[in-house]
Amino acid sequence: MKIRVYFLSLFIVLLHVFNSYGQTSQKQIQEIDSLFTSWNVSNHPGGSVLISKDGKTIFSKSYGLANIEYEVANTNYTLFNIGSISKQFTAMGIVLLEQQNKLSVDDDIRKHIPELPDFGESITIRHLLHHTSGLRDLHGLLGLAGWRRGDLETNDDVYRIIKNQKELNFKPGEEFLYSNTGYILLAKIIENASQLEFDQWMKQNIFQPLGMKDTYVATSLNKIVPNNATSYYLREEFESAMEYWGYFGSGNIHSTTKDLNIWLQNFSTPQNNWESAFDKLLSTTPLNNGFETNYGFGIRIEEYAGNKVIQHGGSVGGFRAIARTFPEEHLNIVILSNYSRSNIGSKANKISDVFIDKRNDLPTKKVIQTPTKYIKLSSERLKELEGVYWSDSEKSGRKVYFKNDTLRYSSSEKNEWPLVPISNNSFIMIHPSVKPMVTFDNKTNQMTVRIGNTLPGVFNFLQNNLDIKTNGNDMLVGKYYSPELKVMYSISIDDKSNIYLEHARHGIIKLEQLHNDIFVGDWPIGTVEIKRNEEEKVVGLRMSNGRTRNVWFEKAI
């Protein structure tokens, strides 16, 4: 009798599932499950996956090990560091405090952190939320200051160095440039405005009210919390990722797939009294030039197959995370992983394809389509485009050269991508993840690189000869001091005219000459621009390494 009742109940459940999600639902479940079978092998980390539709969980499963050393399996209750997905929670903290009239997103940040330097430009909370503040990113700053990869980085380290900064990457509102520094300062603003520690305020005002019972902010690496996964890098074999990420506000929230699904659900069916707050997260603000970015308050507002999608990814150590919602479809996808090559972005796309139909009726911006019809150009024409190109705004150089009957594009010695012509001056870069359009302008001597609808990168032509070197580099020898970072570097030249930059913690780094007084070197150096006075005497240099630009070093000796 009990067996008959059990099978009857099971039949009713299965009938409900098939009626709700169509006759192919079992096939969909198997298709999704097959994406993660490679995680379920011996001595292999993995992760957790949850998919919900119309407020109901339709797939929830965990794979692989949370800890290889002790063979602890991942479960649906395992906690993962969600990296930069944390930013939308910090943004929500700001939104709630604005609703309580304790701040405004248009406040100058020095109103809430008065000890910050005056850069001569007003930086608002809104700028921090949108990554348009111009503040240099913490990783580049700490790297130049002497932090090695894997060294502990904390909020206090960031506060201390930011107080000494005298310049910005750009004027606030002029560019979008992702900045973890901005979200670390937002955490400080929340603490100052609420008079509570950041982790406590977030727990009391966001996690507990929404029912995210397992989610927490890690403000210390020493705290022991049950069910936390260990993260791993996959190189030749799995290696434990040593924890250095002691900062919060920009990251370091730990959560489960279930809790993140609760959060995502509010973008389509918000809980009582939360609708206006989640709507506020969707706020976007054009750049000073009118260009509209897709970054709201801690979230990216994008399209997938013609459907609106709200999402963000996270990456820290070996942790990888993605939280994606299609609000109009009431579809949520959460994937959390504890190893570096888990490739969750591709997996999230494949899951999306299972449930999302391509739409043509959604009003959207005009998307710049990438042409697919290639042409053939003569070797002589391709060689005319060879040379060194430089972006003064991005502080980065590129080399374009002819090799094996193909024009090549290189951003470093380790990166080289073919350029396939679609016209006499336009090319498609054959890149594994994106297909940028590269255009050469003979009149302006500029190369522009555009990806989709984003603002193009503009590079000015410097020289034809890729190997030309200038003399007089002996004048570079000496010591260089940064008052912003309180750190010293020295330049030396060996008997073969090789130029080296040396630091007490980073050791000796060889510099390669890109053009005249512009050099490049391995992390954390990036690019080095030598500065001379009117008499051509070297007075200092500026270093840039991605999201940190133009740090000044004065020649001391």
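Q: What makes the 6 strands an open sheet, and in which order do they stand?
A: In this predicted model, the order is β2-β1-β15-β14-β13-β12, with antiparallel pairing. β2 (56-63) and β12 (300-304) are at the edges with a single partner strand each, so one side of each has no neighbour in the sheet. Strands are DSSP runs (E, at least two residues), as are helices (H or I, at least four), and both are numbered from the N terminus.

Q: How do you know that strand β14 and strand β15 pair?
A: Two strands pair if DSSP finds at least two bridges between them. β14 (residues 319-326) and β15 (residues 331-337) have 7 bridges, in the antiparallel sense, so they meet that definition. Within this pair, F326 stands opposite L331 in β15.

Q: What does the model rest on, and which atoms count?
A: The model is predicted, so local features need pLDDT of at least 70 and side-chain atom pairs 80 or more, while totals for chains, interfaces and linings use all residues. Residues are numbered from 1 along each chain as its sequence is written, and side-chain values use heavy atoms, leaving out hydrogens and water.

Q: Why are β5 and β7 called edge strands?
A: β5 (80-81) and β7 (216-217) each pair on one side only. They belong to an open sheet of 3 strands, ordered β5-β11-β7 with antiparallel pairing. β7 is joined to β11 (residues 253-255) by 2 bridges, and V217 stands opposite I253 in β11.

Q: What makes a group of residues a nonpolar core, and which have the most contacts inside the largest one?
A: The definition asks for buried Ala, Val, Leu, Ile, Met, Phe, Trp, Tyr and Cys residues joined through side-chain atoms within 4.5 Å. The largest such core has 95 residues, and F89, M92, I206, W263 and L281 have the most contacts inside it. Its largest share, 8 residues, comes from helix α7 (residues 180-194). Apart from it lies another core of 25 residues, including I51 and F326.

Methods. Buried < 20%, exposed > 50% of the residue type's maximum accessible area, 1.4 Å probe, protein only.
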